[in-house]
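Good morning, and thank you for coming.

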Amino acid sequence: MVETTIEPLDKTISGLRVSPAHHLHGAFVDAGVTGAFGVRVREEQFLTMVGLRVPVGSPDRARLAKILGAELPGGCGEVATGHDVVVLWLSPDEFLVISQSVAGSTLVSYLRAGVSEGGAAVVDLSANRTTLRLEGPSARAVLEKGCPLDLHPRSFAEGTAVVTNIGRVPVILWKVEADSYRILPRASYADFLGRWLIDAMAEFKVLGSG
């Protein structure tokens, strides 16, 4: 008799996952620029993202703060850092909770334990968006080709995240460090935006080789 090993279903499904910009990973590497005009882009795959809606003034906010390890951010652009999570402000009653280490189902379970009132909602949105990481001395100049915001550091500081457009694609733009940005487009826009970024970076490869 031939013995058959059956892997757990969740492990099998996890192994079949393909990120929205996976087919561009090679092009991202080729488009990278080093040196004084340096800029590079890569996809950060499969970050956990959970949408959280909590009415303003709800006592649920205090319970959620204990679970998250941080108060919910209170205004446009604010980002709160908690226990293995960051929380991005999207509107007065809407937030995006992101984690690199906590699974979506686990994070949803924790957060649902903290909400009790009508009007609150917790939804796993991990498959809704992907994350493109743009880094390097020329990263801001690349974004300025297609973003209507003032991205100068005096207006767009580190640790700020806002909803905006890049190349006419609606995104969440998060400035993680001085020359490092996370760009969160809907998964269906990942191909278009990835190619837009590659095209916008091409100028700096020419400058860097001159």
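First, the basis of the description. This is a predicted model, in which local features need pLDDT of at least 70 and side-chain atom pairs count only at pLDDT 80 or more, while totals for chains, interfaces and linings use all residues. Residues are numbered from 1 along each chain as its sequence is written, and side-chain values use heavy atoms, with hydrogens and water left out.

Helices (H or I, at least four residues) and strands (E, at least two) are DSSP runs, numbered from the N terminus. Two strands pair if DSSP finds at least two bridges between them. In general, strands of a sheet pair through backbone hydrogen bonds, either parallel or antiparallel.

Strand E2 (residues 48-53) runs antiparallel to E6, and four bridges join them. Within E6, Val122 stands opposite Leu52. Contact here means heavy atoms within 4.5 Å.

What ties strand E2 to strand E5 through side chains? Arg53 and Glu94 meet in a salt bridge (3.9 Å, N to O), that is, a side-chain nitrogen of Lys or Arg within 4 Å of a carboxyl oxygen of Asp or Glu. Arg53 lies in E2 and Glu94 in E5, so the pair ties together parts that are 41 residues apart in sequence. The whole structure holds 12 salt bridges.

The other sheet is also open, with five strands in the order E1-E7-E10-E9-E8 and antiparallel pairing. Its edge strands, E1 (40-44) and E8 (160-166), each pair on one side only. Neighbouring strands are turned by 30° against each other on average, direction ignored.

E1 and strand E7 (residues 131-135) run antiparallel and are joined by five bridges. Arg40 stands opposite Glu135 in E7. Helix H6 (residues 190-209) lies across E1, E7, E8, strand E9 (169-177) and strand E10 (180-185), running at about 10° to E7.

Lastly, the pocket. Which strand gives the most to the lining of the largest pocket? That strand is E2, with four residues. E2, E5 and E6 each supply at least two residues of this lining.

Methods. Axes fitted to C-alpha atoms, helices over the stretch in contact; angles between N-to-C directions.
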